[in-house]
Amino acid sequence: MLTDSISSFAPCQRLVLTFVLAMCILVACVLSTETTMPTQNMSNKERAELREEAREMFYHAYHAYMENAYPADELMPLSCKGRYRGVTPSRGDMDDILGNFSMTLVDTLDTLVLLGDFTEFEHAVKLVIRDVQFDSDIIVSVFETNIRMVGGLLSAHILAEYLQKHADTMHWYKGELLEMSRELGYRLLPAFNTSTGIPHARVNLRLGMKDPQLKKSRETCTACAGTILLEFAALSRLTGDPIFEVRAHAAMDALWKLRHRGSDLMGTVLNVHSGDWVRRDSGVGAGIDSYYEYLFKSYVLLGDDKYLARFNRHYNAVMKYVSEGPMLLDVLMHRPHAKSKNFMDSLLAFWPGLQVLSGDLKPAVQTHEMLYQVMQMHTFIPEAFTVDFQIHWGQHPLRPEFIESTYFLYRATGDHHYLQVGKRALKTLQQHAKVSCGYAAVNDVRTGKHEDRMDSFVLSETIKYLFLLFSDPQDLIINVDEFVFTTEAHLLPLSIAQLGNATFSFRQSDEHNVLDFMRTCPSSNKLFPEKVRKPLRNFITGSCPRATAGKRLSALDFQASNADHLRAVYDMGITMVSVGDRSQGKAKSHEEGEMGLQFMQEMLELTKMQSINQLAQLQAVAYATDEKAQDWIALMAGPSHFSPELIGDQFVQGDVLLANPLRACDESLENAEEARGKVLVAERGDCTFVSKARLAQKVGAAALIVCDNVPGSSGETQPMFAMSGDGKDDVLIPVVFMYSVEFGKLSAVMERRKLPLRVRVMQMVEFKRWQLAKAQRQNQTAAVTQKPDKEL
């Protein structure tokens, strides 16, 4: 999950033209006649060497965890010690994945079997049975605990029984892991006690939903609620206890009813009690990704046709509204022709793999090729990147999604290009992420700076898929084609469908028709991917044009009568065609040409309206330039979704104070007493935005400014975004975000002043109105002063 959930509100004219530019690049590449060399086949020897290198990578990270961190949930590879909940300094809501239940070991058990290390697997299973317990007064994420812990325990149980039959080992094992997964499942069940049947995002392992901190819990993400069924269905069918599968089916049914009936799209955040959508952004990335995955895989694992029908309805909607060539851009579920973001997040890299499984190969090849070029451009795929492929958010926690899709594309096509892609990914991890104590996440792909973090999915997914990519079927102890991979890459056998669930009957619904079970335009599995990749070879760089560094002509500034403007759009690859000029022949008919002009006019009007609405969200951090506070300067800042909105002429004023420590992620601040009534400043990083806000509020700060931790970032050159929280409305102080350049200006003023710098936090629009009104009053005063006395 992302550390800082982000939602863009960049000016729409920037979005429109950068999007047009990206599509022009695509057109230019498609028309290119440049020949390219076919992918060089990889020898069996090199492939075997890479498989063994992947094995060595696994043991380098695994032994680092076992020797320095176990029984902690995670390894901190830079500190070379374990991360414990309530002991290690808190990272805020990021730590909801931790339950002090040895998560990395449980998450990694089935990888040991795939590697053929039965001795270590048996040893690890004994450790889990002996050491892991769940009776803890700890709040955990339902989603993460299910996919990592319940899924890990179930997969290990299944493989333990498999080894008993086929490897003549572990005869002492009596199903202990299955009982542990059932116990953990029961501890998650209280989260499902909602009026909709959609589970809460978090639950206390000991107290359920009775924890006072969970009284206001009401929001969850679509993926969080829709990524339960595979594990819970397997748990019910293996234990004979139907409650888990019943609850998971009910949650999926409730989500399906909340789709937008006009577009068939889903939002990303909803209220579990009312079913109302909180965030209506619809895409395939963060917040919704694995919901689509579990719809399709639930059909594969359980054989229930309704999930195939639902997947196809959603899939057709995504390909109609979200897909733009190889790119996937979020839209509004209720207004699907309106883009809601100008960036893509790295979690969408799973999508090509899902497309392969569903049989739509061509768009999978295209999107994967785009992502590969992003990886080549930035070394790693950044957590988020813009439509012109610049970095929006620079972290890379060694995510597995791109490697997962690479694996499935190779299995589907046999094209050695994907082996070469996997080799590039493996060598990049070795060169840029390997440290003496495991593998460290990359804090910023621009600088290569490491983060003291190695998520459990590095062992359970990232390295697992690399090993599988370079392995032949005969290299593996099991036939992976007889299993479904969960979203955490745990293995559940297809034979589970034969077990059935006697107390749960699938209800045939009349809400689907035969068209829901058909793909609108299926791709051929015989398609040779090189022919699809070739037009996209230089989609981002190379022979295709790149955006210039000069001043960009915006859509709002464009005038058709201006020769310079016409020349500029021509240089962008946009051709202006006269409707009446039949020699141009671009439009199919006069009527379609008129419709095209009307469409462009509507787009520009929409752009203007959205720009005005988005400008209203822009915040200001203002300070006086003189001691008398006559003249003021405002610096641009972004808002947050979790703090109160400053409406109209409202503002918060106070002296600026830097938090100590600056990241403000600890339980308290060293300068807590001094912070009361001040505008506190905290640097981005180490924990979530909302965690910093809660700490600032706790010490009595009047407002919080979060400054960026990326040198040189600026709101003038990068899209501003609004900080998102965790769905709890407990932050009562204003919170704004400043990029590094803007905060640097504020910091420079602070250093020059002998006295503390007093600032106002307010809406930028209101600051402009305030300044305008003040200027008008000064002009009126001057006019009265200069007016001659009335003659008597």
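Mentor: Cysteine 665 sits in the loop between strand S25 (652–658) and helix H21 (672–675), and cysteine 687 in the loop between strand S26 (679–683) and helix H22 (689–698), so the pair ties together parts 22 residues apart in sequence. Helices here are DSSP runs of H or I with at least four residues, strands are E runs of at least two, and both are numbered from the N terminus.

Trainee: What kind of model is this, and how are residues numbered?
Mentor: It's a predicted model, where local features need pLDDT of at least 70, side-chain atom pairs count only at pLDDT 80 or more, and totals for chains, interfaces and linings use all residues. Residues are numbered from 1 along each chain as its sequence is written, and side-chain values use heavy atoms, with hydrogens and water left out.

Trainee: OK, back to sulfur. How far apart are the sulfur atoms of cysteine 665 and cysteine 687?
Mentor: They are 2.0 Å apart. The cut-off for calling a disulfide is a pair of cysteine sulfur atoms within 2.5 Å.

Trainee: Are those two cysteines buried or exposed?
Mentor: Cysteine 665 is buried at 11% relative accessibility, and cysteine 687 is buried at 1%. Buried means under 20% relative accessible area, exposed means over 50%, and partly exposed is in between, with a 1.4 Å probe and protein chains only.

Trainee: How many disulfides does the structure hold?
Mentor: Three. One of them joins cysteine 80 and cysteine 437, with 2.2 Å between the sulfur atoms. That link is right-handed, with 75° about the S-S bond. It connects distant parts of the chain, 357 residues apart: cysteine 80 is in the loop between strand S2 (74–76) and strand S3 (81–83), while cysteine 437 is in the loop between strand S17 (434–435) and strand S18 (438–439).

Trainee: And how accessible are cysteine 80 and cysteine 437?
Mentor: Cysteine 80 is partly exposed, at 30% relative accessible area, whereas cysteine 437 is buried at 2%.

Trainee: What about cysteine 221 and cysteine 224?
Mentor: A disulfide joins them, S to S 2.1 Å. Its torsion is about 90°, so it's right-handed. Cysteine 221 is buried at 10%, and so is cysteine 224 at 15%.

Trainee: Switching to helices. Why is H8 described as largely enclosed?
Mentor: Because 10 of the 11 residues of helix H8 (residues 229–239) are buried, the rest of the structure largely encloses it. Among the buried ones are Glu231, Phe232 and Arg237.

Trainee: What follows H8?
Mentor: Glycine 240, with a positive phi near 80°.

Trainee: Next, threonine 462. Where is it, and what does it touch?
Mentor: Threonine 462 is in helix H16 (residues 457–469) and is buried, at 1% relative accessible area. Skipping residues up to four places away in sequence, it touches Leu398, Arg399, Pro400, Ile403, Leu429 and Phe457. Contact means heavy atoms within 4.5 Å.

Trainee: Last one: which residues is asparagine 443 in contact with?
Mentor: Leaving out neighbours within four places in sequence, asparagine 443 contacts Gly394, Gln395, Lys449, His450, Glu451 and Asn709. Asparagine 443 belongs to strand S19 (residues 441–444) and is buried, with a relative accessible area of 16%.
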